[in-house]
Each structure stands twice: as structure tokens, then as C-alpha cells.
Amino acid sequence: MGPLRSVVLCGGGTGGHIYPLLAFADCLRRHDPGVRITCLGTPKGLENELIPPAGYDLRQIPAYQLPRSVNMSLVRTPDRMWKAARAAGKVIDEVQADVVVGFGGYVSVPGYLAAWRREMPIVIHEVNVPPGVANRLGMKFTRNVAVGFPHQPAQSEALRDARVVGVPLRRGIAALDRAALRDAARAHFGLRPDLPVLFVAGGSQGARSINLAVSGAAKELARNGVQVLHVMGARNEPVPVPTDLPVPYVALPYLSEMELGYAAADLMLARGGAMTCAEVAAIGLPTIYVPYPHSNQEQKRNALPVVEAGGGLLVDDAELTPAWLERTVIPLIRDPRRLHAMGAAAAAYGRRDGDVALLNFVYEAVAR
């Protein structure tokens, strides 16, 4: 298969759609510097903050939330959707795309529709069970479906025939050598090199329960020599942290270079978003997962396989208390042999080559 000339990438709304899109775009560009890469986005989505600074062409098209039930907005959807699909089609024609690759989010649907009308190859990448509503619709137009995790085809009839390729990860994470970067990463955050570090990052959505539990356990963790690097989430109210602690407790609203946090850490406390699960497993970081409770349990489904493989622990949001953390984290983080075994199990489950595996799948789809 010769090089691709032009590729349109669709994915927006949340980081879970945009980060794999960007990692895949980087992979495309590494393998073929001459390829034209065009991303479709909506005027309001997070893609506007992430895609242009990464150096990629972002074209805005109208996109509409798909209703999950039959109501008046479903009646209006066909008209709105074809308007959005016409806008996507204009972009596809202008850049003479060879293929449309979608990562989910409502902006993907017009891209899928426009490509289908032109009988162009469509490739879908899905990381959740059940698949998101946009990708479920896209699956009516193509058989080229790739997934991030081996549990997905077993758990979802819609994904039964999908190819497991892994999740495209940024090179800074996929190529991370935690041990080699550890001292520099700890120095960057003002952490001591000689004491264990708990890295806490609940994501921007719904991390308040994690923030409260960790700050509540801060004194006991510190008394036992456990340092904390705590990303509170930019959208969350800051939680007060005791100031008179004997060891560092570093609180940040946001961290753009997650690889530095991963490198500094001995153990992580996190939600169970698909990107988090893919990243920490790939780099072999033992993790305590606290799945977001107000959803269809997809975060629990994301985390469970790596936990069952021995790469982490799982705790319900309602059970996460300062006392639970003190009981669980202190003996675990002070047991290097157990941490090493958990990290090795996570790394054996995870994979670092999702970007290249997806690229090969796209080449196959175009060749077909």
C-alpha cells in the first residue's frame, strides 16, 4: 500500500476522543511527512483548545447532539444532520481525502455520513463498552472498526468483529521510561527523591470525592513518609490541604505533561477513563481505580480487566474514604516488591503501539 495523500480525522467534545486522534495524527505524520491531515471539529468543543496548538488544520462544521430517545429533536435531526454532513463533505472534497478516520463524539457523525455518500473508506476507533452513540451510528456504514482493549469484542455484540489495535498514545507517554525520568520528574515538582510518591488525578469531571478523600488522609500519609502529587482538576473547587506536613504534598489545578506525573509516581489513584487505563497500563504504573459512579459503568468495565490481570486495585467511589486510603495506600506504597509485580502485570496487559497498529489497519481498509 502506497502512502496516503490526505486523511480526514473526526473526533471531538472530550479528551477521550481528541487525545487518541492527536496521537494518531502524530503517527501518520511520522510515517509520512507529506500526508495532508485535516481534522473536523465543532465551534464549541475542546478540540479548539487542543488541535490547532498541536499544529493540525481544524475545520469547524455544525454538529448536533444525537438524541438517545425518540422525541422532537429526533424528528429535527435528519435535516440538521444532512446540513452538517454537507459541510463535512465540502471539506472532504476540498482536501481530496483518501479515508475518514473517526474517534467518536458528535462531530464524527457528519464525517461518517459524508464519506458514506462518497463511497469512501471509513475507519472507526472505539474505546468504550457500549460504543458511543456517534460510533454506533457510524458502524452502520463500515465494517472497519478498531477497538482499544481486548475485553471490548467479548462484552459488546456491536464490537464482536472489531480489530483490537490498542489506543494511540502520545509519544511522550508511549516511549516513557519511568525509572530513567523519576529523579528529574520529582525535582520538577519539588518532591523528595528518597520517599514514595502517590500521584492523584481524578480528571476534570467528578473528581471531588477523590480530592476530599486524599486531602482528608494527607496527615496520616505524610506521617508515614508518603508524598502526594495531587492534580485537583481545573473544573473542581479547590480542596484545602493541611499546610504543616512533614513531607511534600504538591497540589496543582491541572497538569498538561502527564508523563512527568507518571514518572514521579510509585502508585496512582485515578478514575477509570479509557485514556487513563490505556496510559497507565502501557507504562506499567500500579493504579488504584475509582470509577466515576454516575454513568453506565463504562469506567468500571475499562479498569476491571487490568485489575483482574494484577495491575491495580478497584474501589467504589462510595467506599473511598480517608480511612480506606490510609489502610490501603500506606502498606502498598511501602512494599516495593508488590508494586513491582503490579507494575509488571499492568505492562503485560497494556500496549504502547496502538498508533502504529491503527495506522496499519487504516492502510488495510484503504487497500480493500
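## Basis

Residues are numbered from 1 along each chain as its sequence is written. In this predicted model, local features need pLDDT of at least 70, side-chain atom pairs count only at pLDDT 80 or more, and totals for chains, interfaces and linings use all residues, while side-chain values use heavy atoms, without hydrogens and water.

Helices (H or I, at least four residues) and strands (E, at least two) are DSSP runs, numbered from the N terminus.

## Helix α1

Helix α1 covers residues 15-31, 17 residues in total. Its first and last C-alpha atoms lie 24 Å apart, close to the expected 24 Å (1.5 Å times one less than the number of residues).

Among its buried residues are Ile 18, Leu 21, Leu 22, Phe 24 and Leu 28 (buried: under 20% relative accessible area, 1.4 Å probe, protein chains only). The buried residues of α1 pack against elements including β1 (6-10), β2 (36-41) and α15 (354-367).

## Strand β8 and its sheet

In strand β8 (residues 197-201), five of five residues are buried. Val 197, Phe 199 and Ala 201 cover one side, and Leu 198 and Val 200 the other. β8 runs parallel to β9 (residues 227-231) over five bridges and to β11 (residues 267-270) over four; pairing requires at least two DSSP bridges between two strands. Ala 201 is opposite Val 231 in β9, and Val 200 is opposite Leu 269 in β11.

The open sheet of six strands is ordered β10-β9-β8-β11-β12-β13, with parallel pairing. β10 (249-252) and β13 (312-314) each have a single partner strand, so one side of each lacks a neighbour in the sheet.

Notes
Buried < 20%, exposed > 50% of the residue type's maximum accessible area, 1.4 Å probe, protein only. Contact = heavy atoms within 4.5 Å.
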